[in-house]
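Please open the structure in your viewer and keep the selection panel at hand.

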Amino acid sequence: MSEINSAGGPGSPQNGVLTTGPGVGQLVPPPSTRSRRRGNGLYRYLLVRFLLIFPTIFILVTTVFFLMRITGDPITAALGGRLTPDQLAERRHAAGYDRPIIVQYLNYLGNIARGDFGTTYSDNQAVTKILTSYGSATLELVLYSLVITFLIGIPLGRLAARNRDRWPDAVLRVFAILAYATPVFFLGLLLKLVFSVKLGWLPVSGRISASGEVQMQQILNPTPFYLLDAIRLGSPALIGDVLSHAILPALALGMLNGGVFLRLMRTNLIGTLDRQYIESARSRGVSESRLVTKHATKPALIPVITVMGMQIALMLGGAVLTETTFEWKGLGFMLAQYMTSRDYVAVQGIVMMLAVIVALANFVVDVIAALIDPRVRY
Amino acid sequence: MSQPVPLGVESRREPWYLRLPVIADVRRSVGLQRGMLVTGLVLTSILVLVAIFAPLLAPYTWAQTSADGVSFGTQQPPSAKHPFGTTVSGFDVASRVIWGARTAVLVILAAVVMSIVLGVLLGLVSGYLGGWLDRILTMITDAIYAFPSLLLAIVMSIVISGGQSSAFGGIMSAAISITVVYVPQYFRVIRAETIRLKAEPFVEAAKVTGAPVRRILFGHIFRNSTRTLPLIFTLNASDAVLTLAGLGFMGFGIEPTSASEWGYDLNRAMADVSSGLWWTSIFPGVAIVLSVLGITLVGESMNDLNDPRLRRRRASKKATSADTRGDEPTADAQEVR
């Protein structure tokens, strides 16, 4: 217990290892820059942070709306060459796109406030429905990839920290940079090429095989996650089917964050290993490996996790690309589909909803960070 | 580095400033650090050289499907005539990879120049004037910053080109899309520096002598706030390559006939991969990885070497004999993207 307290507590702030840190960290939006007043209580911070969600969402919605309208209305974009000008004008009038832009904008804001993000043109679905039916697939993929990220980040980060400045550290450092330099979709294609096509071990794409999908439909109240459903059906073959489809996409997306995680882990572990409680444990005869695994890891993980939380935007972008690569039918895949069919209402709706999700997620992360680490609140 | 001392004479040599840090860094680095920096510089130089000499290096142009009246054939495996094979559309992969370097470099240059100009201008004005303008600008850039950059770039490319484009239009729209993503970063850094410098005596002195705001901003503050720019430049440049490729992969890149773009080629190679053809995806992919790797290695090394916090850390650690060649800003740099 004591080690957690001494590392998570206000400790030694000059040792800028924890949390976001300065340096180039100026580029990272630290939650604290928004409320500079010192000495405020936790509640005040949380309140201010909460209220800041609204202008953020407002700005994003406004920006995206006007940007998308600069080029013209969605109907002309989607149906442009296919209808006569008269028909086009009629459709535009019916949808209200011939009204002044300000009226349209206010109308749109009102709709969004009621949770209506519009209806797609290509397949006439409510955008919110797309979110609920495909968002879960994206969430499932992101969760799998997080497992991979942790599996890569924690042990390798430990290894690097224990061998600081020796060859394993150097190798891992290069590995982390490579993980960053490799675009998710290229890594995805490579994995596919090796494990699906050449070796034939894993399926090429999709979330589940065709026969598995038929089985899935027997479930009365399907959960959003295929894996849960497969477990509920109790069929090992189905569980295997779902998992084998998930491995490669999860690896591709997990590596993207795995490299970052590894380095954050290493840096923070080195920071915690310098602490006095580690020294005192060492003097009591605790073995080196136990020091790292039992004493230093947990406190080092706390800031790492809050920083990883700030990577949500990056992860969503990565998920969009991964889904396209593996034809994983989630939000990103649908986004790409709608983009090719030039259905900009759908694109706009999905983009805005993702923006709202990111804004909310960032808020949650900031709250967690503030609860864990009192220094964040200043 | 010649140190960020505010000396008018020294900072007048602006063009040298961008190069000087790199040379100084190589001399100052040791061991693994030097290896990384030199590797990065070599890879980056190769990228730039290939981009410049693409017409000489590439056997064909990027959109050529036949030479001397003989068609290349589609999806041909690597051979003497086509060292990297041909694509599904019958293009020569090697030529497209080589010409792709030119597209990448052009986009990086355009994007980074535009975002520096915009970001620096806004940051200076916002930081110096303060008040409501500052608040609004900060809020907007914060909001943009929180937005997934790929999505933002997609929206921008719809706006700019409606999704399809000519060579110039395509390169510019990719560059502008990326610019919008990066302006907030330059804005933040320059704004923070401006706020710090605003209180410095030499700015006060300039004010007292009656210097106009423009001169204070550009003559006094800007020249002293550029210290961190080369660093962000390299970090953004590598990220720009990835964003460009991501855009192309999502089908929002540059038309294959107007210029060659690696991300687009990878998109087209997706079907090839499923049928076991490796050459159409591996070569453009490796080109992306090597370009990003090179630029990142340079940026990372400069980051490590130029962080005053680190230098202090190193010096103080020497006394206690535990040398952390502190990777921590590197970790920060990573999380920046």
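**First stop: a pair of helices in chain B**

Select helix α11(B), residues 229-249, together with helix α12(B), residues 262-274. In this predicted model, the crossing of α11(B) and α12(B) is right-handed. Two packed helices are described by the angle between their axes and the distance between the axes. Here the angle is about 40°, and the axes are 6 Å apart.

Next, display the side chains where the two helices meet. From α11(B), the residues are Leu244(B), Ala245(B), Gly246(B), Leu247(B), Gly248(B) and Phe249(B). Their partners in α12(B) are Trp262(B), Gly263(B), Tyr264(B), Leu266(B) and Asn267(B). Sorted by class, this contact comprises seven nonpolar residues, four polar residues and no charged ones.

**Second stop: a buried threonine in chain A**

Is Thr324(A) buried or exposed? Thr324(A) is buried, because 24 other C-beta atoms lie within 10 Å, and the threshold for a buried residue is 20 or more.

Move to Glu327(A), which is found in the loop between α15(A) and α16(A), the latter spanning residues 331-340. Inspect the backbone here: phi of Glu327(A) is near 50°, a positive value in a residue other than glycine. Most residues other than glycine have a negative phi. Glu327(A) is partly exposed, with 15 other C-beta atoms within 10 Å.

Now go to Ser341(A), in the loop between α16(A) and α17(A), where α17(A) covers residues 344-372. Ser341(A) has 14 C-beta neighbours inside 10 Å and therefore counts as partly exposed. Draw a distance from Ser341(A) to Ala161(A): these residues are 180 positions apart in sequence, and the separation in space is 49 Å, C-alpha to C-alpha.

Gly240(A) is exposed, with 12 other C-beta atoms within 10 Å. The C-alpha atoms of Gly240(A) and Ala230(A) are separated by 8.9 Å, and the two residues are 10 positions apart along the chain.

Then select helix α6(A), residues 101-113. How far apart are the end C-alpha atoms of α6(A)? They are 18 Å apart, which agrees with the 18 Å that 13 residues should span at 1.5 Å a residue. The number of buried residues among these 13 is one, so α6(A) lies largely in the open. Just after α6(A), Gly115(A) takes a positive phi of about 85°.

An unreviewed UniProt entry places the feature "transmembrane region" at several spans of chain A, including residues 46-68 and 172-195. Residues 46-68 of chain A are 96% helix and 0% strand, with end C-alpha atoms 33 Å apart. For residues 172-195 of chain A, the figures are 92% helix and 0% strand, and the end C-alpha atoms are 24 Å apart.

For chain B, the UniProt listing (unreviewed entry) of the feature "transmembrane region" includes residues 104-131 and 277-299. The span 104-131 of chain B is 96% helix and 0% strand, and its end C-alpha atoms lie 39 Å apart. The span 277-299 of chain B is 91% helix and 0% strand, with end C-alpha atoms 35 Å apart.

**Last stop: each chain as a whole**

Finally, colour the chains by secondary structure. Chain A has 17 helices and zero strands, whereas chain B has 15 helices and two strands. Buried residues make up 44% of the 378 residues in chain A and 53% of the 337 residues in chain B. Among contacts with a separation of 6 or more, residues 24 or more positions apart account for 74% in chain A and 70% in chain B.

How values were computed
Residues are numbered from 1 along each chain as its sequence is written. Chains are lettered from A and ligands numbered from 1 in the order in which they are written. This is a predicted model: local features need pLDDT of at least 70, side-chain atom pairs count only at pLDDT 80 or more; totals for chains, interfaces and linings use all residues. Axes are lines fitted to C-alpha atoms, for helices over the stretch in contact, and angles run from 0 to 180 degrees between N-to-C directions. Helices (H or I, at least four residues) and strands (E, at least two) are DSSP runs, numbered from the N terminus. A crossing is left-handed if the near helix is turned anticlockwise from the far one by less than a right angle, and right-handed if clockwise. Two residues are in contact if their C-beta atoms, placed from the backbone, lie within 7 Å. Ala, Val, Leu, Ile, Met, Phe, Trp, Tyr, Cys and Pro count as nonpolar, Asp, Glu, Lys and Arg as charged, and the others, Gly among them, as polar. UniProt positions are given in the numbering used here, feature names are shortened, and annotations may be inferred rather than shown by experiment. The expected span of a helix is 1.5 Å times one less than its number of residues.
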